[in-house]
Every structure is written in structure tokens, then in C-alpha cells.
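The following note concerns charged side chains and their surroundings. Please read the numbered points alongside the sequence and the model.

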Amino acid sequence: PLVAPGSQRQILLYNTDTYQLLGVLEFPEGYPADAKFSRNGKLLIVGGGRGAHTGKAAVWDIATGERILTVGEDLDTVLAADISSNQKYIAIAGPDKLVKLYSTATGELIRKMKKHTDWVTALEFSPDSKYLASGDRAGGVVVWEGDSGREVNVIGKHKKQITAINWRNTKLVACASEDGYVKTFDAAEGDEIKSTRT
């Protein structure tokens, strides 16, 4: 029962049952922009930084509070970050319109994916790590292969910024947008399965 809200230069860990503060993780790089728990709940990945200055993503072991990995040398804030369920890759993205893939084993940049025409504001790996979906400020969504970074599909059904991406299962991805809709798509085919007005 854990939640991890970000604040200036830190991430706070609260127990959601008791509302008790359990710990503080330092993020001296600046402001956290995106925080996600790994699929097994053992790791926390946070992307952030300082606008027009620096961007990084950091990973912590939740049990020990130890920072175990830091990736990214961006010149602007990392707006979106995620770690694959097999914990082989970290994906980050932001204002440079690129999706970058890092190895968790070495911390090295292994791939840059270019397709977005505006800031990348959200991304998430599928539960089986097969796919990575990323969304941008113009409403575009791109589905990539999780390991090779090869483009699988481009989905352009939203009219405004993508604010969140969440995989419903290994094939269906839901995207929320500032246009007021949450749309669910078949990731491989690009077909719209459902649209809900929020």
C-alpha cells in the first residue's frame, strides 16, 4: 500500500492505508515529472530534471531506499520514463521529441527512436515488455517494439496532448488526452476499440 508523489528535489513515500510518511527519496536533479512503480512493485523509476538545463531518470529499490541506477544526459526535463517488466530496459522521453532506450545492465544508451513531431509527454511498456507506447503533445501515439525499437504503429486519433498511457493487457493500450477522451487501441493493428469522454 504505497504511493510516491514527487515534490521539489524529492519523492515522498506514503502508506495509503495509514497515510503515514514512510520515507523520502532525494532527487537533486530537480523536479520529478513522472514516477512509476515497476510491474513487480519492487522498483520505483522517476524521470525529471530542470527545464532547459538537465534531465535524468533514476531507479530506486523500494525495500532499501537505495538508488540503484541513473540514466540520461538530456538538456531538458525528462517528461516520461518507464522500466520494462523484464527489467532489461529503461525508456525516457521529453521535449527533444526522441524516445531513448537504455540498458539496465550497463546504464548505456542503446537506441534513439525518432518519429514524434512534438514533445513526448507519456510512455509505457506493455506488461510483457513486447511493446513500448509513447504519446506526444500533438496527440500522436507511436507503438514500438520493446527491445529493437522498431516502429510498429502510429496512432493519430487524439486532437491534443497525450497525458497518460496505460496498457490494459499485452495487446490493448489506453491513451488519455487533454481533448477529454480516453481511447483504447489494438497496439499492433492501430484499430480504435473504445472511446470514452471524461
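1. E192 is partly exposed, at 35% relative accessibility; here buried means under 20% relative accessible area, exposed over 50%, and partly exposed in between (1.4 Å probe, protein chains only). Its partner in a salt bridge is K183, with N and O 3.7 Å apart. The term salt bridge denotes a side-chain nitrogen of Lys or Arg within 4 Å of a carboxyl oxygen of Asp or Glu. K183, by contrast, is buried, its relative accessible area being 9%.

2. This is a predicted model, in which local features need pLDDT of at least 70, side-chain atom pairs count only at pLDDT 80 or more, and totals for chains, interfaces and linings use all residues. Residues are numbered from 1 along each chain as its sequence is written, and side-chain values use heavy atoms, with hydrogens and water left out.

3. Across the whole structure, the search returns ten salt bridges. Among the residues involved, D74, D96 and K100 are joined in a network of such bridges.

4. A further salt bridge pairs D118 with R137, at 2.9 Å between the closest N and O atoms. This pair connects distant parts of the chain, 19 residues apart: D118 belongs to the loop between β12 (109-114) and β13 (120-125), and R137 to the loop between β14 (131-136) and β15 (141-145). Strands (E, at least two residues) and helices (H or I, at least four) are DSSP runs numbered from the N terminus. D118 is buried because its relative accessible area is 17%, whereas R137, at 36%, is partly exposed.

5. Are D34 and K36 buried or exposed? Both residues are buried. Their side chains form a salt bridge with an N to O distance of 2.8 Å.

6. D61 lies in strand β7, which covers residues 54-61. With a relative accessibility of 24%, D61 is classed as partly exposed. Which residues does D61 contact, leaving aside its neighbours within four places in sequence? They are K42, L43, E66 and I68, where contact means heavy atoms within 4.5 Å.

7. Two further distances concern D61. A polar atom of the D61 side chain lies 2.8 Å from the backbone nitrogen of A63. Between D61 and I45, the C-alpha to C-alpha distance is 9.3 Å, and the two are 16 residues apart in sequence.

How values were computed: Polar contact = N/O pair within 3.5 Å; in protein donor to acceptor, adjacent residues only side chain to side chain.
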